[in-house]
Amino acid sequence: MSDLATITRADARGMITLRGDLASAAMKKAVKAATGQAVPKPGKIAGDGARGVLWMSPDELLVMVPYADVAQTLAAMDKTLTGQHYLAADVSDARAVFTVAGDHAREVLARLCPVDLHADSFAIGDARRTRFAQVAAAFWAHEAGFDVVCFRSVGDYMDGLLRNAAKASPTGAFG
Amino acid sequence: MLTLNCPYCGVDAEETELSPGGEAHLKRFGPGSSEEAFEGYLFVRENPKGVHFERWRHAYGCGKWFHAARCTMTLEVFGTYPAQTFEPPKDIKDKITAKRPGWAWRDFGGDGA
C-alpha cells in the first residue's frame, strides 16, 4: 500500500495577519504593494504561498511574503494604513505550513476535515478555514495539491494527522 | 447533523465547525431594570417544538457570529442571516410562513408576521 500523497512540512514562511476594512482604498493599496495582488474574494487565495494573500474573514487577511521580507513589508503597511483602523502583525513564527501533494491529495484532506473536496466544489485557488480532526487550520488548493496552515503549537499533531491519513488506499470518490 | 450556511464566508459549515450560542434576539436588561425583566433576560428561554431562532458562531472558520432559523423537530434549516439585526429578515420570515403557516416565536410570526 503506497501513500495517498506526499506530506512535507514547509520551511518558515513570512505571514502577516492584516485586519481592517477590506473594502477601503488604503487596504487595497497595502495588499497590492505587499503581494502584487488584489484583495481576494471570500474563500479565495490570490497569488500563492510564497507571495500571496488569503481571505480569512470579512475583516481579516493573511498576507504571505518571503520570511526575510516581513519586517520591511510591515513597515510599508504601517505607512500606507496610517490613520486607518487596522491591525498588521507578524505571525510567521506562530504558524506551521504543510504541503500535501499528489494525485490523491483530496482524499487525505477529506479524511480529516468536514469539507466537500470534490474538484467541482473546491477548485484551484479556493481556500477554506476549517477543522482538521481536533485543531483549526486553513488550506487552499494549488496545481500540485494543497497547502495547509495551522498553529505551530499543534504542528506536530498536524504532521502526524496528515501522515496517518495518507496511509490508505484511494476510495475513488474523487475520480 | 446540522449543516448551516455561514452568511459571511458563504460556505456550508457542518455542526462540528460551529459553536452554539443559544437563543437569538434576546433583549438585554441590565442595571435599573425590574427584577422580573432581569430574571427573564438571564434565565427565561424558549423551548419550542418547531420554529426556533438561534445564535451560532463559525468558530473554526471566519469566527463570526450569525443567526439561524430552523425547526427543532425536523432539523430543517429555513435560513441563516448576519447577527447585526434585531429581528429576522423578511425573506426568512416569509419562507417560514410558507412552510409552517401560523408559526409564532416570541414577538415574531403569528398574526403580526
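Guide: β2(B) gives three residues, the largest share, to the lining of the second largest pocket. This is a predicted model, where local features need pLDDT of at least 70, side-chain atom pairs count only at 80 or more, and totals for chains, interfaces and linings use all residues. Residues are numbered from 1 along each chain as written, chains are lettered from A in the order written, and side-chain values use heavy atoms, without hydrogens and water.

Visitor: What volume does the second largest pocket have?

Guide: On a 1 Å grid over the protein atoms alone, a pocket is an open set of points with protein on both sides within 12 Å along at least five of seven lines; a cavity is a set where a 1.4 Å probe fits but cannot get out; lining residues have an atom within 4 Å of a point. Points are joined across faces, edges and corners, and probe spheres set on them fill the volume. For the second largest pocket, that volume is about 270 Å³.

Visitor: Which elements give two or more residues to its lining?

Guide: Strands are DSSP runs of E, at least two residues, and helices are runs of H or I, at least four, numbered from the N terminus. The lining has 14 residues, with Val115(A), Asp116(A), Arg128(A), Val11(B) and Asp12(B) nearest the centre. The elements are β8 (127-132) of chain A and β2 (12-14) of chain B.

Visitor: Which element gives the largest share of the lining of the largest pocket?

Guide: The largest pocket holds about 420 Å³. Its lining has 19 residues; Ala24(B), His25(B), Leu26(B), Lys27(B) and Phe86(B) are closest to the centre. Two elements of chain B give two or more residues: α1 (35-43) and β5 (65-71). The largest share, three residues, comes from α1(B).

Visitor: Which element gives the most to the lining of the largest cavity?

Guide: The count is one cavity of 30 Å³ or more. The largest cavity has a volume of about 90 Å³. Its lining draws on both chains, including Trp55(A), Arg128(A), Cys9(B) and His58(B). With three residues, the top contributor is β8(A).

Visitor: Why does Val44(B) count as partly exposed?

Guide: Val44(B) sits in the loop between α1 and β4 (51-57) of chain B. Buried means under 20% relative accessible area and exposed over 50%, with partly exposed in between (1.4 Å probe, protein chains only). Val44(B) counts as partly exposed because its relative accessibility is 45%.
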